[in-house]
Amino acid sequence: MPALSPTMTSGNIGTWQKAAGDVIAPGDVLVEIETDKAQMDFEFQEDGVLAKVLKDSGEKDVAVGNPIAVMVEEGTDVAAFESFTLDDAGGEKAPPAKESGEEAAESSEPAHSGSQTSPSTLPKSEPKESAPESQGSESSGGRLQTSLEREPSASPSAKALALERGVPIKKVKGTGPGGRITKQDIEKYKPEISAAPSAPAGSAAPTYEDLPASSMRKTIANRLQQSMNQNPHYFVAATVSVTKLLKLRQALNSSADGKYKLSVNDFLIKASAVACKKVPAVNSSWREIDGQVVIRQHNTVDVSVAVATPIGLMTPIVKGVESLGLSSISAQIKDLGKRARDGKLKPEEYQGGTFTVSNMGMNAAIDRFTAVINPPQAGILAVGTTKKVAIPSSAEEGNGVEWDDQVVVTGSFDHKVVDGAVGGEWIREFKKVVENPLEMLL
């Protein structure tokens, strides 16, 4: 079992994309693996032949390092491995128990790990040899449904719409090729109305449904709970005019000739990087290294961008934002967002980051909100929707009013790292650059 993230101690086997006897080239997808954060394709990086699958689709809680398959060189007699067992490969061990607080401390920024990232293999010249006595597994032994059984086939746009509308995708009948659920299927879905089952005399029918929490949902819950418990949050809000920014955006998009299409969020991410460079204390994190407490101040601004996906919140990272142009930021966000919703992000693309932006401005009902810090970062910016507000006219007559596009932003800061006055200074620098957007182009 490969370690696909620094905090991964065990994984669940999804669908095998190769069968015994198949030839594998570097980059081929071997198997789907569900980690503590996402369902991922494991790409094998060597030439060879899959001789035997030791862990079938649906196996759960397989400890990192445990054998899951046998790989041999081309030309090796695969039939010799037909009766090969897990015990012949050295047995298996139970996944180690996680220490309290370990996940919150390491999940945002990867730590150095010596875990192997390829399935355990056997000596390619010997099909079978004696193995040490296998150790008992502490796993429940139950089988996990494969990814195809766990969730029906659906297009990314259908999953996103189902998430937005609260549609139970497992109850939708797909009309696409092979029963694939399309966006139109979600739009046409109507909840079934059936008579409530008769309850035994003297008892009431249940008025709720218990839904099992996924591995990713458990990870999100643990991290956010630990963030609130371990990081003393405080919040600083400001109303920011985006009238000039919207005009600049319109001008740039109209002259782009289709090469790019900038969003308001692209400008806000760039503005947050400018503010982080001017107030570097916010672009920092609280660390404990060899028993010593330090505040690590980062030289580059790697902005994590909150993205809602069908399986939970992901925060892909745009790295080195302070040195990127708006068109490059826009292109990266579109690519990372799409792959996040499709579950195709690599661990290094969502682990790390020095500051986070969470934008709910696409929802016209959200004036403002506060966000939970993504540890070990020290700050996160929550962005509400844009509203037109009447303000005194700047004309010389000075008797009328004019309309100004405004947005409310709220910064959440870790008081261990960022003092209140420093958080206020960061918000002031952010407001300044947003209201004078040409500064982003300097």
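Select Val434 and show its surroundings: leaving aside residues up to four places away in sequence, Val434 touches Val240, Ser241, Val242, Leu245, Leu268, Ala271 and Met440. Contact here means heavy atoms within 4.5 Å. You are looking at a predicted model, where local features need pLDDT of at least 70 and side-chain atom pairs count only at pLDDT 80 or more, while totals for chains, interfaces and linings use all residues. Residues are numbered from 1 along each chain as its sequence is written, and side-chain values use heavy atoms, with hydrogens and water left out.

**The core**

Together with Val434, they touch the most other members of the largest nonpolar core, which has 71 residues. Such a core is a set of buried Ala, Val, Leu, Ile, Met, Phe, Trp, Tyr and Cys residues joined through side-chain atoms within 4.5 Å. Buried means under 20% relative accessible area, exposed over 50%, and partly exposed in between (1.4 Å probe, protein chains only). Colour helix α7, residues 264–278, to see the largest share of this core, eight residues. Helices (H or I, at least four residues) and strands (E, at least two) are DSSP runs, numbered from the N terminus.

**A trio of charges**

Which residues are linked with Lys278 in a network of salt bridges? Select Glu429 and Glu439 to see them. A salt bridge is a side-chain nitrogen of Lys or Arg within 4 Å of a carboxyl oxygen of Asp or Glu. Glu429 and Lys278 meet at 3.7 Å, N to O; Glu429 sits in helix α9 and Lys278 in helix α7, 151 residues apart. Lys278 and Glu439 meet at 3.9 Å, N to O. Since Glu439 lies in the segment after α9, this pair ties together parts that are 161 residues apart in sequence. Is Glu429 buried or exposed? Glu429 counts as buried, because its relative accessibility is 14%. Lys278 is partly exposed at 43%, and Glu439 is partly exposed at 27%.

**Along helix α9**

Move to Ala421, in helix α9 (residues 420–435). Ala421 counts as exposed, with 65% relative accessibility.

Next, show the open sheet of four strands, in the order β4-β3-β1-β6 with antiparallel pairing. Two strands pair if DSSP finds at least two bridges between them. β4 (39–43) and β6 (62–63) stand at the edges with a single partner strand each, so one side of each has no neighbour in the sheet. Zoom in on Ser10, which stands opposite Ala63 in β6.
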